[in-house]
Structures are given as structure tokens and as C-alpha cells.
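This briefing looks at how two protein chains meet and at the open space around them. Please keep the structure in view while reading the points below.

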Amino acid sequence: MIFTIDQWAWSNGLRDASPRRKGLAALFGLILSLSFPLPAVSATVIILAALLLTVKARLPLQTFLKLMTVPAAFLLTGTVTIAFSLSPVDAVWQTSIYSYMIGISAQGLHEATTLLLRSLGATASLYFFVLTTPMVDAIELFNDLRTPRILTDLMLLTYRFTFVLMETTQAMITAQEARLGYTTTANSFRSFGILAANLFIRSLLRSRDLYTALAARGYEDELRVLPRKRG
Amino acid sequence: MINTVNSKINSLLEAEHIEFAYPDGTTGLNRLSMTIRQGRKVAVVGANGSGKSTLFLHLNGTLKPHRGAIRFQGKELDYSRKGLRELRSRIGLVFQDPDVQLFSASVEQDISFGPLNMGLSPAEARQRVDEALEVTGISDLRHRPVHGLSYGQKKRVCIAGIYAMKPEVIILDEPLAWLDPVGAKHILALLDRLNAAGTTVIMSLHQMDIVAHWAQDVIVLNKGETVFEGNPLSLFAQDDLLHRCGLETPWPLEMYHDLVRMGLLPPGEAAPVDKRGLLDTINRKWCKR
């Protein structure tokens with residue numbers, strides 16, 4: 001999922017739009033859906049995000065819907081419980097279990113839908129930002145907003161080396177599999193232990209090498225880079 | 001050691017009896033001396049573990065020799081913060097593993113890092129980035145994230161990142177390793193262009209065919225020592241040395257020896273080390289002009 005988002009961030013139609021404006025739009029959607037407990041408002045925000053993403057950013061609607069299902073599944077399990085109540089007054093549907101009446105009240109249903117839509121509206125707003133803005137642009141935006149350099153420098157390195165770590169892990173797992181590392185449960189446990197320990201050591205060595213390489217290009221205290229050229 | 005007097009005059013970068021041992025006790029360099037001349041194309045060769053990378057890390061001041069001295073333009077290296085900043089803006093080092101060097105996910109941001117550290121204005125840095133992208137032939141990668149690039153492309157981004165700093169000396173640690181033949185050719189052509197513009201180019205490599213036709217000077221390292229300094233022609237004339245250091249003979253030279261053995265070429269002539277030399281020798285014998 002991370003990779004899907006990252007790929008679209010680098011290849012969508014709004015990639016080179018100003019990160020500030022995209023950030024503002026996302027913030028606006030977020031505030032709207034969080035501060036107005038009206039299903040209509042949240043639904044509008046979701047539809048707007050979907051429209052912007054599919055029409056302007058040229059993201060397939062299917063991809064957006066797929067991405068939305070992940071948080072939606074989470075939210076659904078959380079909100080379903082709100083809809084149910086004991087001996088509901090204005091029951092839409094109810095059933096008896098022994099001597100208890102359990103059902104869905106009209107009010108509960110309304111509350112659950114409102115909450116679900118509000119959360120989905122907020123999620124869609126954030127999706128709009130992360131799906132249209134490459135991470136390096138987001139970091140640039142945080143820099144413009146005066147985030148402490150140490151944090152944004154860490155973000156920059158974390159982002160870049162997440163991929164290096166993933167590749168290294170994948171390569172090591174493939175190599176272990178090639179020597180039957182995961183054929184039995186016992187083997188799997190042992191291989192996984194070795195993998196974890198080695199990844200840790202490699203990461204340490206790599207961070208040292210990284211420092212050497214940065215110093216070779218004059219690194220002193222902060223990672224000074226130009227904003228990405230857009231357009 | 002060809003023409004010591006001359007090499008002293010043009011000497012740009014010099015190591016004198018430098019010694020270095022790693023904390024775990026491994027000897028890195030053992031009283032190593034060598035001279036790099038201005039504007040040359042220098043190949044540093046030797047088996048794995050012979051000290052090539054260790055030497056390179058000394059030349060840009062990352063490692064400091066325990067004994068001995070390194071001189072750049074006749075002056076001993078200054079290891080102060082300011083001295084290192086100046087040194088590293090004049091001597092660029094391209095690391096072997098691109099994933100070590102590339103820290104930003106954006107190609108242009110990574111390239112802009114060095115120029116900005118040199119104190120250039122954003123406008124100047126931008127110009128340098130554009131030029132580096134152009135020269136290394138990767139302008140089309142501008143908007144691609146680094147993690148989506150191929151190994152060869154990453155390698156070129158690394159070179160662009162150093163090129164953008166316009167150093168007088170560019171040192172490359174095995175720039176051809178893992179590249180396909182076309183990729184290697186591109187890098188060599190690029191290095192030739194940099195050299196033609198006046199940059200001194202130093203690189204380590206293992207392909208002796210390339211050493212034979214590309215390098216003007218060769219430095220051979222063995223167990224942390226310099227065992228040869230001179231031109232490729234005189235290096236490849238020393239069979240025992242090559243053998244001792246685990247180096248191969250370039251194929252045109254082997255071919256020449258075979259042809260001599262078969263009686264097709266007369267023995268005793270100056271042995272050619274590259275393809276052109278071999279063809280010339282054959283021409284002289286068989287196509288009387």
C-alpha cells in the first residue's frame with residue numbers, strides 16, 4: 001500500500017502543483033469533515049477528493065476506492081458498535097436474545113453513519129495530499145512552515161532509506177530461501193532471527209558509510225538541498 | 001617510475017610513506033607512496049583488499065594516515081574543518097555503492113547538495129544541477145524518485161552529484177563495477193569528457209583491457225603498498241609483477257604473444273597492449289604500405 005501511494009505521488013497529474021495549495025486543500029477538507037457533524041458535508045468532501053484525484057490527478061477511481069477500503073474496514077468495525085443498543089426506543093430493527101432486546105435505533109444508526117462519513121472525509125482529504133505530493137515536496141512544505149531542520153532532515157533520510165532497507169531485506173530473504181531457510185518452522189525461526197540481527201548491523205554500518213559519503217560532499221550540520229523544480 | 005623529475009613538477013596529489021591500520025588490526029596501507037599528475041587519467045588497480053578504497057578515503061581527508069604525509073598541490077592536507085571543506089570541494093569522491101551516496105529521494109535534490117554546501121547561491125546551484133544532469137545524460141530522470149532507478153542510472157546520479165561541485169580532481173571507486181558493457185562505455189566516455197575539460201580523473205577498476213586503452217598512468221597496489229607507478233605499456237611488460245598482484249593481461253597483449261608463438265608476428269618488437277596497437281603491429285607486418 002505504501003508503494004502504491006508512493007508511486008502515484010511521483011506520477012500523478014498534480015505532482016508538480018504547488019505543495020502549499022495541495023496542503024491547504026487537504027487541510028480544508030480535514031477541518032470541514034471534522035467540524036461539521038453533517039453527513040452531507042462529509043460526503044461532499046469525499047466526492048470532491050475523489051473528483052480531484054480522478055479528474056485532475058488522473059488516478060484511477062478503482063485505485064482510490066481500493067485505498068479507501070483499508071481505513072473503511074477499520075472504521076466500520078468501530079462504528080458498527082455505536083449503531084447497536086439495548087432495548088432501543090426507536091428501533092429500526094431488533095431481536096431478542098433471552099430476555100434482552102438488542103437492536104439498531106434510528107438515532108444510533110444516524111450517529112454511526114455520521115461518524116463513519118466524518119472519518120472517511122478526513123481520510124479522503126489526507127489521501128488527496130499524500131497521493132498527489134511526492135514525499136520530498138511534503139518535506140519542502142514542512143521546511144517552509146519552519147519545522148525544525150533536524151526533524152525534516154530525519155524525514156528525508158528515513159524516507160530514502162526505507163526503500164533501501166526494504167530492498168536489502170527482500171534480497172536477504174530471497175537469499176535465505178535459496179538455501180532452504182524457510183522450509184520448516186524451526187528453519188524459519190532461525191532464519192528470521194539471523195535476518196533481524198544482520199539488518200540491524202547492516203543499518204549501523206550503512207549509517208556510518210552514509211555519513212562518510214555526505215562529508216565527502218561537504219556536509220556539516222544540515223542537509224541543504226534545492227527545492228525540486230516543478231513544471 | 002618514469003621521469004621522476006617531470007612528475008615532481010606536475011605533481012598534483014602526492015602520498016609519501018603513508019601508513020594506516022584499521023581498528024580491528026587489518027593493515028590498510030603500508031608505507032604507501034604515489035604521485036598523481038595534473039590533468040591525467042589515472043587507473044588504480046590491485047586485488048580486492050589491496051588498499052584502493054582506503055587510499056581514496058585518505059585522498060579526500062576522510063581517513064588520516066597514522067604516519068606519513070599527503071600533499072595536494074605541494075601543501076600538506078589540512079584536517080581542520082575549514083581545510084577539509086576546501087579540500088573536498090576540490091577533490092570529489094564517487095563511492096562504489098550508489099545507495100550509500102544518494103541520500104535524497106529526488107535526483108535533483110541529491111545533486112544540489114554538494115554545490116549548496118560549497119556556499120553557492122540557489123540560482124548558481126540550480127545552474128550546476130541542470131548542467132550536471134545534461135553532462136551525465138540523465139535530464140530525463142529529473143522527476144524520478146531515486147528508488148525507482150536502475151543501478152546504472154543511480155551510478156550516473158552519483159557522478160552528477162560530484163560533477164556539480166566542479167572539483168579539480170574526481171576520484172571514482174570502481175565506477176564500472178556491476179555495469180553492463182554499454183553502461184560502462186557511457187561512464188568511460190563521460191570521464192573522458194571531464195578529463196578533456198581539465199579534470200584529473202582517478203579511478204579504480206579490475207578490467208585490464210580498459211586500463212590498457214583508457215589510462216595514461218597506472219598505480220598498482222598490493223597489500224597496501226605501491227608496487228608499480230607508470231604507464232600501461234611498461235606495466236604490461238612485467239609479467240611476473242602482474243602475476244604476483246593477481247592482475248590479468250589485456251587480451252590484445254595475450255593475442256600478440258600467441259601470434260608471435262605461432263610465427264605470424266616477429267618477436268622482439270614493442271608489445272602492443274590495446275586493440276589499436278595490436279592492429280598496427282599486424283598491419284606493419286602483413287600490409288606493407
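A pocket here is an open set of points on a 1 Å grid with protein on both sides within 12 Å along at least five of seven lines, and its lining residues are those with an atom within 4 Å of a point. The model is a predicted one. In it, the largest pocket is lined by 23 residues, and 34 residues of chain A are in contact with 40 residues of chain B.

**The largest pocket**

- The space in the largest pocket comes to about 870 Å³, and the lining residues that lie nearest its centre are A:Arg208, A:Asp209, B:Leu57, B:Phe95 and B:Val100.
- Two or more lining residues are given by α8 of chain A, and likewise by α2 (52–59), α4 (98–101) and α7 (151–163) of chain B.
- The largest share of this lining is that of α8(A), which gives 5 residues.
- Sorted by class, the lining of the largest pocket consists of 12 nonpolar, 4 polar and 7 charged residues.

**Area buried between the chains**

- The size of an interface is often expressed as the accessible area that is lost when the parts come together.
- For chain A and chain B the buried area is about 3300 Å², with carbon and sulfur atoms giving 56% of it.
- On the chain A side, the residues that lose the most area to chain B are A:Arg160, A:Arg217 and A:Leu226, which together account for 28% of what that side buries.

**Polar and charged pairs across the interface**

- The rule finds 15 residue pairs in polar contact across the interface of chain A and chain B, counting pairs with both residues at pLDDT 80 or more.
- At least two residues of the side of chain A that touches chain B come from each of the helices α1 (2–11), α6 (135–144), α7 (149–178) and α8 (185–216) of chain A.
- That side of chain A divides into 18 nonpolar, 3 polar and 13 charged residues.
- Across the interface of chain A and chain B there are 6 salt bridges by the rule applied, while the count over all chains comes to 27.
- Because B:Asp99 lies in helix α4 of chain B and A:Arg160 in helix α7 of chain A, this pair joins two chains.
- In the salt bridge between B:Asp99 and A:Arg160, the closest N and O atoms are 2.7 Å apart.

How values were computed:
Residues are numbered from 1 along each chain as its sequence is written. Chains are lettered from A and ligands numbered from 1 in the order in which they are written. This is a predicted model: local features need pLDDT of at least 70, side-chain atom pairs count only at pLDDT 80 or more; totals for chains, interfaces and linings use all residues. Side-chain values use heavy atoms; hydrogens and water are left out. Contact means heavy atoms within 4.5 Å. Buried area is the accessible area (1.4 Å probe) that two parts lose on being put together, summed over both. A salt bridge is a side-chain nitrogen of Lys or Arg within 4 Å of a carboxyl oxygen of Asp or Glu. A polar contact is a pair of N or O atoms within 3.5 Å; within protein, one must be able to donate a hydrogen and the other to accept it, and residues adjacent in sequence count only if both atoms are side-chain atoms. Helices (H or I, at least four residues) and strands (E, at least two) are DSSP runs, numbered from the N terminus. Ala, Val, Leu, Ile, Met, Phe, Trp, Tyr, Cys and Pro count as nonpolar, Asp, Glu, Lys and Arg as charged, and the others, Gly among them, as polar. On a 1 Å grid over the protein atoms alone, a cavity is a set of points where a 1.4 Å probe fits but cannot get out, and a pocket is an open set with protein on both sides within 12 Å along at least five of seven lines; lining residues have an atom within 4 Å of a point. Grid points are joined across faces, edges and corners, and a volume is the space filled by probe spheres set on the points.
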